[in-house]
Number of protein chains: 2
Amino acid sequence: MESVWLGIDVGGTNVVMALGDGDGNLFAKKRIPTLAADGAARVLKRIIDAVEAMLAETGTPASRLGGIGLGVPGLVDAKRGVVRLAVNLNWRQVAVSEVFRSHFGVPVHVDNDVRAATLGEYQFGAGKGFRHFLCLTLGTGIGSGMLLDGRIYAGATGGSGEIGHMVVDPDGIPCTCGNRGCLETIASGPSLVRFVRERMADGVAVNLDDDELTVERIGSAFDAQNALAREAIQRAGKYLGFALANAVNLLNVERVIIGGGVSLLGDRLFGFIRSEFQRFVLQGVGNGVEIVPAALGDEAGVVGALVLARQTTGFPSDTPATM
Amino acid sequence: MESVWLGIDVGGTNVVMALGDGDGNLFAKKRIPTLAADGAARVLKRIIDAVEAMLAETGTPASRLGGIGLGVPGLVDAKRGVVRLAVNLNWRQVAVSEVFRSHFGVPVHVDNDVRAATLGEYQFGAGKGFRHFLCLTLGTGIGSGMLLDGRIYAGATGGSGEIGHMVVDPDGIPCTCGNRGCLETIASGPSLVRFVRERMADGVAVNLDDDELTVERIGSAFDAQNALAREAIQRAGKYLGFALANAVNLLNVERVIIGGGVSLLGDRLFGFIRSEFQRFVLQGVGNGVEIVPAALGDEAGVVGALVLARQTTGFPSDTPATM
């Protein structure tokens, strides 16, 4: 009987898990709240319970499980299967692989969530067929994964891709990292919302409902010609295009893929990104570089985790190594 | 009889060539002016004549030549051995490998000069033993080479490493690339000299001799407590540290190596670079990253070209692939 793979995308808010085959097809998908405040042990226990329920609901015997892959937002020691530090989850030195291996008795592969999403886009999404691309995730934070020379690049200590902390406005507002004006303080979801809310407090605009301001609402206001919504999105796009031009000048990748919740603003955001990118990227390096939306949407993470799961058994042979 | 290797570092001003063994030891070294205005054919002819003279002077029969490596400042198609574009040399689509192969009858390997220097530092210099480092060259221009996961990283079209065109001051002066405020407009040798000269024209300082202002003289003036020299070097160091922090946040390398003429300012420059780097690099990514001078000095390029020469015959097996 053919093996089934389990992918788990652990987010700060939700955990998404899916069963799938080797071609990226999902048989079943489940989402549970992370409730990180409960601590790592209880979060992991809840994930295991949810997986057991999903196996039962789909009539999948645990014996068919070929391997498990997990994407976790933070610094991951993929070789040892240990999450070294995941700030949003408040996890430190959590031996994630061991927990799942001992329960399910199958190989487990853990890696950084953005790199997992990059792997998903590479195998089944907007990165298919490319050997050099940057995959940006715009959500609560801003991170990036890189495929260089056809391999996922993790960096010396698994900490590569921190484009969210590129300082793009030295006079900007403080960032959680201790600096000022990081890209993340301008173009993340919460930063977009905060910018609009603060300008509304200054009496700049009246058409937005402050009570439940979201990126999606800002997008709708943009469509309704709201000047503040446009200013906020244009500002984010401008600094994103600038940061991406710097990154492409350094990395000479063929393509930039952008996913995460904020990327759902679509062309409203991408137009500004592309024009600023073209302004700052070096001719000869940036020519022909396309900036495209992630093809797997918010499933990139869980599909990437599925790819990680397959890697536990070394199948298929053309899958790039991580770390 | 053991093979001898020939390395050639083609610069905009001078061509340096050397004969050496597989361990990076140079038996003979020669320097000739490039005189690029003569055109590629005559420049290459002069290099070949100089090599022939060096072989004769050292009593080296051409039959001992195992291979030839060349580093060229520009976009190089290493697979085909063609220099696609070298602006400072005014070379376009020059089949360098073929010229040397047909004359000397040995394998030839051409690559970008900064990547050749990076290879030299990796094999025999400040990058020895590291698997992830950035090698910055501060000269007439600013370029960088990368060793990632133990391999030279060239990018999708051989154009990686353009950190010199990271825009660090959007209100800055125009750059040759068409943008404003690129790192190169602030921290290259000519930019340092221009900054000092312009401020002198404004009557800011009187202790520097304008007639033959060089980076070396600015360094001496710094030692003599000249405020303008200090301002110029501090400004360059500040923006270099900022740009390097952005690059390290993205690449998570273990080490930054800085070579080229401007790097000879030594601690006068490195102190400013290091303090600004620490200010902007992300904790957890930048911790422990050392910023060190190139160990091979201005020989990095020609030693790297020697390593390229050895690669023509696949010796030794642990030498990283380029392109």
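1. Buried area, as used here, is the accessible area (1.4 Å probe) that two parts lose on being put together, summed over both. In this predicted model, chain A and chain B bury about 3,100 Å² between them, and 58% of that area lies on carbon and sulfur atoms. On the chain A side, A:Tyr153, A:Leu250 and A:Asn252 supply 21% of the area that chain A buries against chain B, which is more than any other three residues supply.

2. The contact between the chains draws 37 residues from chain A and 37 residues from chain B. Between chain A and chain B the count of salt bridges is 0, whereas 22 residue pairs are in polar contact, with both residues at pLDDT 80 or more. The side of chain A that touches chain B takes at least two residues from each of strand E10 (142-148), strand E11 (151-153), helix H7 (227-251) and helix H8 (267-280) of chain A, and H7(A) gives the most to that side, with 6 residues. By residue class, the side of chain A that touches chain B divides into 18 nonpolar, 14 polar and 5 charged residues.

3. On the nonpolar core: the largest one holds 114 residues, and the members that touch the most other members are A:Ile163, A:Leu244, A:Leu251, B:Ile163, B:Leu244 and B:Leu251. Once neighbours within four places in sequence are left aside, the residues in contact with A:Ile163 include A:Leu134, A:Leu136, A:Ile142, A:Leu183, A:Leu244 and A:Ala247, as well as B:Leu250 from the other chain.

4. A:Asn112, which lies in strand E8 (residues 108-112) of chain A, deserves a separate look. A:Asn112 counts as buried because its relative accessibility is 11%, and the cut-off for buried is under 20%. A polar atom of the A:Asn112 side chain lies 2.9 Å from the backbone oxygen of A:Gly74. Not counting residues up to four places away in sequence, A:Asn112 touches A:Gly71, A:Val72, A:Gly74 and A:Val76.

5. A:Val292 is found in strand E13 (residues 290-293) of chain A, and with a relative accessibility of 14% A:Val292 therefore counts as buried. Leaving aside neighbours within four places in sequence, A:Val292 is in contact with A:Ala126, with the run of A:Arg255, A:Val256, A:Ile257 and A:Ile258, and with A:Phe270 and A:Arg274. A:Glu254 is 38 residues from A:Val292 in sequence, and the two are 11 Å apart in space, C-alpha to C-alpha.

Key: Residues are numbered from 1 along each chain as its sequence is written. Chains are lettered from A and ligands numbered from 1 in the order in which they are written. This is a predicted model: local features need pLDDT of at least 70, side-chain atom pairs count only at pLDDT 80 or more; totals for chains, interfaces and linings use all residues. Side-chain values use heavy atoms; hydrogens and water are left out. A nonpolar core is a set of buried Ala, Val, Leu, Ile, Met, Phe, Trp, Tyr and Cys residues joined through side-chain atoms within 4.5 Å. Buried means under 20% relative accessible area, exposed over 50%, partly exposed in between (1.4 Å probe, protein chains only). Contact means heavy atoms within 4.5 Å. A salt bridge is a side-chain nitrogen of Lys or Arg within 4 Å of a carboxyl oxygen of Asp or Glu. A polar contact is a pair of N or O atoms within 3.5 Å; within protein, one must be able to donate a hydrogen and the other to accept it, and residues adjacent in sequence count only if both atoms are side-chain atoms. Helices (H or I, at least four residues) and strands (E, at least two) are DSSP runs, numbered from the N terminus. Ala, Val, Leu, Ile, Met, Phe, Trp, Tyr, Cys and Pro count as nonpolar, Asp, Glu, Lys and Arg as charged, and the others, Gly among them, as polar.
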